[in-house]
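Me: I would like to learn how to read side-chain features in a protein model. Could we take them one at a time?

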Amino acid sequence: KAMSLAAFISSASYLRAGIDLLCNDHWEICYDLSLQLHNLYVEAEYCNGHFEEVGHAAGVVIKQARSFEDKLRIFATLIKSLAAQNKLHDTMQIGFDVLRELGVQCPSPLPDKSVAARDIMKTSMSLKNKSKDEFLNYHEMNEGSMTAAMKFLQILLNSSFMAKQEYLPLIIDQMMKLTLHHGICKESCAALGYLSF
């Protein structure tokens with residue numbers, strides 16, 4: 001209840017108490033509860049600006065989570081936490097690692113600016129070849145890994161806009177390619193907005 005009221009200090013305290021009450025082998029016995037408590041705790045501490053605690057608790061979840069999908073929520077919070085600390089190299093590195101795991105290949109190192117500009121122009125032309133009606137009736141993205149990838153690209157887009165603008169064309173292009181190949185989602189709107197400039 002405290003989380004829904006934006007009382008993040010109280011929320012973190014309650015969640016920490018809940019984690020402390022779990023038995024020693026809680027990751028084996030009550031995995032779902034452990035995962036949920038830790039995810040919420042990390043999010044509350046992120047909102048409180050306790051970034052060191054975010055890193056520590058996120059490390060526990062990354063180590064204990066049974067599947068990559070179970071780590072996605074914690075990775076998203078960790079990336080936002082790193083960006084808030086202006087650790088943008090780490091932000092981008094972890095973000096691109098997550099994207100690779102989701103099946104989205106991002107070039108590393110960054111391509112030359114002329115290559116990035118050419119790629120985004122090519123994608124933009126593909127979009128311009130679609131009629132207004134065709135685009136408005138475009139199918140919704142329903143593949144879980146691609147929807148998750150778009151969420152991570154959105155986080156990276158926000159971070160790169162603030163300080164790592166050399167990544168913007170790459171991220172926008174990737175978001176538009178995923179939209180054109182897998183369907184539209186709410187994160188597509190951000191890429192379309194940037195592409196319109």
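Me: Is Phe68 buried or exposed?

Reply: A word first about the source: this is a predicted model. Phe68 has a relative accessibility of 18%, and because buried means under 20%, Phe68 counts as buried.

Me: Which ring pairs with that of Phe68, and how is such a pair described?

Reply: In general, one gives the distance between the ring centres and the angle between the planes. Here the partner is Phe75: the centres are 6.2 Å apart and the planes stand at 40°, so the pair is tilted. Phe75 is buried as well, at 12% relative accessibility.

Me: How many aromatic pairs are there?

Reply: The count is five. Another one of them joins Phe96 and Tyr167, with centres 5.6 Å apart and planes at 45°, so this pair is tilted too.

Me: What else is Phe96 in contact with, leaving aside its neighbours within four places in sequence?

Reply: Besides Tyr167, the contacts of Phe96 are Cys106, Leu156 and Leu170.

Me: Which residues have the most contacts inside the largest nonpolar core?

Reply: They are Phe96, Leu99, Leu102, Phe152 and Leu178, in a core of 39 residues. Several helices each supply at least two residues of this core, including helix 5, helix 7 (113-128) and helix 11 (188-195). The largest share, nine residues, comes from helix 9. Another core lies apart from this one and has 20 residues, among them Leu15, Val61, Ala65 and Leu78.

Me: Now the charged residues. How many salt bridges are found in the whole structure?

Reply: The general idea is that side chains of opposite charge can pair when their charged atoms come close. In this structure the search finds six salt bridges.

Me: Which residue forms a salt bridge with Arg73?

Reply: Glu43 does, with the closest N and O atoms 2.6 Å apart. Arg73 is in helix 5 (residues 68-84) and Glu43 in helix 3 (residues 31-48), so the bridge ties together parts that are 30 residues apart in sequence. Arg73 is partly exposed at 33% relative accessibility, whereas Glu43 is buried at 18%.

Me: What is the distance between the closest N and O atoms of Glu53 and Arg16?

Reply: For this salt bridge the distance is 3.9 Å. Glu53 lies in helix 4 (residues 51-64) and Arg16 in helix 1 (residues 8-21), 37 residues apart, and the pair links distant parts of the chain. Glu53 is partly exposed, at 24% relative accessibility, and Arg16 is partly exposed at 28%.

Me: Which residue forms a salt bridge with Arg118?

Reply: Asp119, with the closest N and O atoms 3.2 Å apart. Arg118 counts as exposed, at 53% relative accessibility, and Asp119 as partly exposed, at 22%.

Me: Which ring does the charged end of Arg16 sit over?

Reply: The ring of Tyr41, whose centre is 5.2 Å away. Arg66 likewise lies over the face of Tyr31, at 4.0 Å from the ring centre.

Key: Residues numbered from 1 in each chain as written. Predicted model: local features only at pLDDT ≥ 70, side-chain atom pairs only at ≥ 80, totals over all residues. Heavy atoms only, no water. Salt bridge = Lys/Arg side-chain N within 4 Å of Asp/Glu carboxyl O. Helix = DSSP H or I, 4+ residues; strand = E, 2+ residues; numbered from the N terminus. Buried < 20%, exposed > 50% of the residue type's maximum accessible area, 1.4 Å probe, protein only. Core = buried A, V, L, I, M, F, W, Y, C linked by side-chain atoms within 4.5 Å. Contact = heavy atoms within 4.5 Å. Phe/Tyr/Trp six-rings, centres within 6.5 Å; stacked < 30°, edge-to-face > 60°. Lys NZ or Arg CZ within 6 Å of the ring centre and 35° of its normal.
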